[in-house]
Every structure is written in structure tokens, then in C-alpha cells.
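Here is a short briefing on one protein model. Look at the sequence and the structure first, then read the points below.

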Amino acid sequence: MPPASSSVASAPSETYDVFPLPAFNDNYIWMLVPQCEAALPDAIGVTVVDPGQAAPVIAYLEAGNRYLSAILLTHHHADHVGGVAELLAYTERQIATGRASALPPVYGPAGEDIATVTQPIRGGDIVATASPRAHFTVIDVPGHTRAHIAYFEAGAGDEEGTPSRASDSTSSREGRASGTGGSEPTAAPATAVATIDRNRPPRVFCGDTLFATGCGRLFEGTPAQMLASLDRLTALPAATLVHCAHEYTLSNIRFALAADPENADLQAWSVQADALRAAGTPTVPTTLAHERRVNPFLRADAPAIAPQLRAVMAARQGEQAAEVPLTRLAAFTQLRAWKDRF
């Protein structure tokens, strides 16, 4: 990866707002916007993660004096990269009219064939974005695809895994998405979900690797790769906000309750997630602390899950298969296979 310019690389990170733009049926395109936007008369650069569809991003840019500063891609699937070419063409039109000065760099995994990537990156690389100013460590998380990556930024979240200030109001979400500003975030009760945070918690944009209460399907990788990738993510600070790329939470919870039915944290989360979706509110981001408590794929070898997993194995493979000792990897492999059929 070419070195970042010294002015960007040496500048401290700034606080910024993060919110999801819905796309397709259940995708989220994550938008990173400087918090100073409302106070500045000049055009504001924003960073976008996994823009599989261009139209929602262009609508957001058009609603204010905004341009794309950087595009971050986690993997090659079309619902994550399909909008990039159109966004670059849109930026060229902005350049022609003076609303932008250059095309945004497009970061993506070096190990995957993505035609629009201009900055191929691998685990351990640092991505320094100019607007908002942020520094992301790239983490290799293969499994869903062969060279899937995640972007992690360290921050100052609390140790309990719940951001201390967040807005869960629909008006605030909709205001920022439409460019009208929305209401100022206010103190919120402890919750697994946070949308706009003013304290720069640690964040990870993990695409289709770790989901709220689930994990990605294995299209190109192995169970061992996915388990190792999840371990890399769960080794991050407990307060890390998990910005996944799909609203799969309710279906993931249904499976999780089948695998881990006595989990009180999971039962409470099911009620909360149902209420959020009934209100049209995203269930993400969650935190790693929360995922460690409720996500069966992070607890595959937990004693509470073993009876249900063995019952499924016996039904499909016979009683003898269910009596074989399960390593952590074997338990994860069987759990992922069960979810694929669920």
C-alpha cells in the first residue's frame, strides 16, 4: 500500500458520526462524517464503507455540500462493491463542477480481484483517511471470502461494552441520513445498540464476517479460517462497536435461541431487537462485549450449547456421531452447518 501523505498520517484522529444507509433488502452502507459538518461552509468529505449500491450514497451527498473522501471495501461480493464505479463517475462530475477536487482512494483486499480498488491492502496495513481524519488497522478475516478484511480504529469507549452516549431516536437517525442534521445525541440507557457516539469508541467495520448474533457463511474459506477470524475480532477491546454490513439480526437470534435456549442475555436481546426492528431502527452496531454473551458462534463449545448441537448431529448423522468428543473447531463447524440448514 502506498504510504499515506504525511499531513494525513501525522494528524490526530477526530470524532466523527457513523450511521448506516440502507441498501437492497438488508444491506447497510456505513457513512463516516466529520462532526464539524454543520459549522463549516466548505464542502465536506465523507468516507463510505462497502457501497454495494450507489444511489443511497449519491442521495446523501446531494442533500448537502459533500463529496467522497475515501471508499473502504471489505470483500469482493457485488452487494458490497457494486456501487463503486458509479460513485467514481459521480465524483468525476463533481470535479468538473468544482464540488470535488480528486477521485477518492478505493481501499480493498489485495487478495481479491476488485477492479475498482486503487489501494490494495492486507492485514497489518494502516489506512489513514483524510475526512474524517481516522486511522484504521487492517485485519485479515478470511472465511466468508478468501481474503476478506476488516477495518479497526482504536478509541476511548468504556470497558463495559456499552457506549456511554448514544442516540437511539428515529429523528436523529433520519436527520443525519437526509442531511438535515437531526437532533443532538442525548444520554441513553445502557443498551447493546449504539448509532451516533460522541466519545470515539473503538470500532470495527467487519463486512460479512461477524454479524449481530451470527457470522458469515463460508463461501470461499474454511471453518478453521472463519473461527480464527472471529478470534481476531473478539480479541479487540470489549467496547468495540461492531459495524457489520447486513440486518440479519432477527433471523440470527431465532437460530441462536435454538442453539442456546437458556441464555438469559440472549432472551433479553431478542425482546430488544424485536422492538428496534418494529420501530424501523437498525439493530447494529452492537458491541463485542454483547456479542461474547449472546453470539453462539463465539460460544460454540459452551456447555449450554452442547446438548442442542449433539441432538442435531444425532438426527442427521446417527447416535454414534453425536457421541464423538467435539473440539472447539468441530463444534463451530457443526454449528455453522446447522445454521446453513436452519
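Aspartate 17 is buried, at 3% relative accessible area (buried means under 20%, exposed over 50%, partly exposed in between, with a 1.4 Å probe and protein chains only). The model is predicted: local features need pLDDT of at least 70, side-chain atom pairs count only at pLDDT 80 or more, and totals for chains, interfaces and linings use all residues. Residues are numbered from 1 along each chain as its sequence is written, and side-chain values use heavy atoms, without hydrogens and water.

**Aspartate 17**
- Aspartate 17 sits in strand β1 (residues 16-23); helices (H or I, at least four residues) and strands (E, at least two) are DSSP runs numbered from the N terminus.
- Its side chain makes a polar contact of 3.2 Å with that of glutamine 35.
- A polar contact is a pair of N or O atoms within 3.5 Å; within protein, one must be able to donate a hydrogen and the other to accept it, and residues adjacent in sequence count only if both atoms are side-chain atoms.

**Annotated site**
- UniProt, in an unreviewed entry, places "binding site" at Asp79, His80, Asp208 and His246.
- These residues spread over 168 residues of sequence, yet cluster in space, with a largest C-alpha distance of 10.7 Å.
- Such annotations may be inferred rather than shown by experiment; feature names are shortened, and positions follow the numbering used here.

- Histidine 80 lies in helix α3 (residues 78-81) and is buried at 1%.
- A 2.8 Å polar contact links the side chains of histidine 80 and aspartate 50.
- Aspartate 208 is in the loop between β10 and β11 (210-211) and is buried at 4%.
- The side chains of aspartate 208 and histidine 144 form a polar contact of 3.3 Å.
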